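Hi,

Here is the structure I promised to pass on. Have a look at it first, then read my notes below.

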Amino acid sequence: MSKGTKSDRRPKQDAKTNGSAKNGGKKKHKKGKKKKDRVPAVPMAETADRHDLYERAVQDCASDVDFLLHAWHEVYGEDGSPRHFREDFCGTAAMCAEWVRRHPDATAEGFDIDTEVLDWGRVRHLAPLGDAADRIRLHEGDVRDPADRPADVRCAHNFSYQILERRSELKDYFAKCRRGLSDRGIFVIDLYGGSDAFVEMEEEREIEDGDYTYVWEQRTFHPATGHMDCFIHFRFRDGSELAEAFEYSWRLYTPPELRDILHEVGFREVRTFFEEFDDEGDGNGVFSRDEEGPACEGWIGYMVAIP
Ligand SMILES: C[S@@+](CC[C@H](N)C(=O)[O-])C[C@H]1O[C@@H](n2cnc3c(N)ncnc32)[C@H](O)[C@@H]1O
C-alpha cells in the first residue's frame, strides 16, 4: 500500500509493529570527551509536531478531492464543475487548500471550533498558496453554523460527524448540510466499519519506512450505545512516544443508520462507495460504487448524498 492512500487512515492488522528499535543500541565513546560535555539527545516525541504526524499518517487530500470531483461529475455530468467547497471539521484545512489549487475560480470555506488547529493550518497550508489563499475563508465555529455561500460540494471527513452522538443532533446537522447546498450540490461523508470496528483493540502501522509508528486505539466500545473512546498515539524509533496525541469520543454509526437519517432530512438519493482490495487483501485506494459493501474485518468507504 502506498503512503497516504485512503486505506492508510485505518491501521491494518498486518501492519509492522512497534517502531521502537533504539538506534541499534550503539553508544559512541569519543576519546577525551568528558561526560559533562555530552548533550543528552532530545526524545523525538518532544520535538514532534502532532498535526504534521497526523497528516502524514491519515490524510491524502489529493485523493479525497479527486473523489469529490468524481462523485460530483457522476451526479451532474460533465457540463460544468463544482466551484464552492465547504469542509466541515476542517482541522488544518488541508482539503480547502487542495480544493483551491485545482482551479483559479475555486473557493472554499472551512469550519472548525479549535483555534490552535486552524492557526496551524493557516501557516502550513494557506500561506504557501499566496494570493489563492484569499479564496479560502476559515470559520472558527460549529459545523452547524451557516456558511457565506451555498456549497457545491460539502464534506465531513475522517468520521468526525460521529462526535454528534445523539441521533437528533446528527439529524439536525445533516438537515443543515442539505439546506446549505447549491442547486447542484452534493454532501459527502466517509465511512469505516467491519467486524474490527466493534471491538476494543490497538493497531500499529509504520509510516514512511519506519520514520514513526501510528497507533490507533479503540479503548472503549459500548455495544448498547455505539459509544467509543479512541486515541491516536505516535511512537518513535528512539523509543519515545507521543501518547494520546488525539482523542475521539464518538458513536460508531453504521451505513444503514446514516443512510436513513440522510433520507429523513430530504436527500433524495444516497450512494455508497467502498475501497477495493488488492490480491493481498489490502485496500488499493480505488473507491467503486457498491450498494452492498464488503463483509470483512475492516473497510472504508464514502457516502454521497444528493438533494
Ligand atoms: C478528526 S479531526 C478532522 C480533521 C480533518 N478534517 C481530517 O479529515 O483529518 C476533527 C476536527 O473536528 C473539530 N470539531 C469537533 N467538533 C466540532 C464542531 N462541533 N464543529 C466544528 N468543528 C468541530 C475538531 O476541533 C477537530 O479539528
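Start with helix H2 (residues 50-58), which lies across E6, strand E7 (212-222), E8 and E9. H2 runs at about 65° to E9. Helices (H or I, at least four residues) and strands (E, at least two) are DSSP runs, numbered from the N terminus. Axes are lines fitted to C-alpha atoms, for helices over the stretch in contact, and angles run from 0 to 180 degrees between N-to-C directions.

Two notes on the source. This is a predicted model: local features need pLDDT of at least 70, side-chain atom pairs count only at pLDDT 80 or more, and totals for chains, interfaces and linings use all residues. Residues are numbered from 1 along each chain as its sequence is written.

Now the sheet. Its four strands form an open sheet, ordered E6-E7-E8-E9, with antiparallel pairing. (Two strands pair if DSSP finds at least two bridges between them.) Strand E6 (201-207) and strand E9 (241-251) are the edges, and each pairs on one side only. On average, neighbouring strands are turned by 20° against each other, direction ignored. Strand E8 (residues 227-236) is joined to E9 by eight bridges. Met228 stands opposite Trp250 in E9.

Next, the helix pair. Helix H3 (residues 61-76) packs against helix H4 (residues 94-101) at an angle of about 60°, and their axes are 9 Å apart. Cys61, Ala62, Asp64 and Val65 in H3 meet Ala94, Met95, Glu98 and Trp99 in H4. (Residues are in contact if their C-beta atoms, placed from the backbone, lie within 7 Å.)

Best wishes

Definitions and conventions: Contact = placed C-beta atoms within 7 Å.
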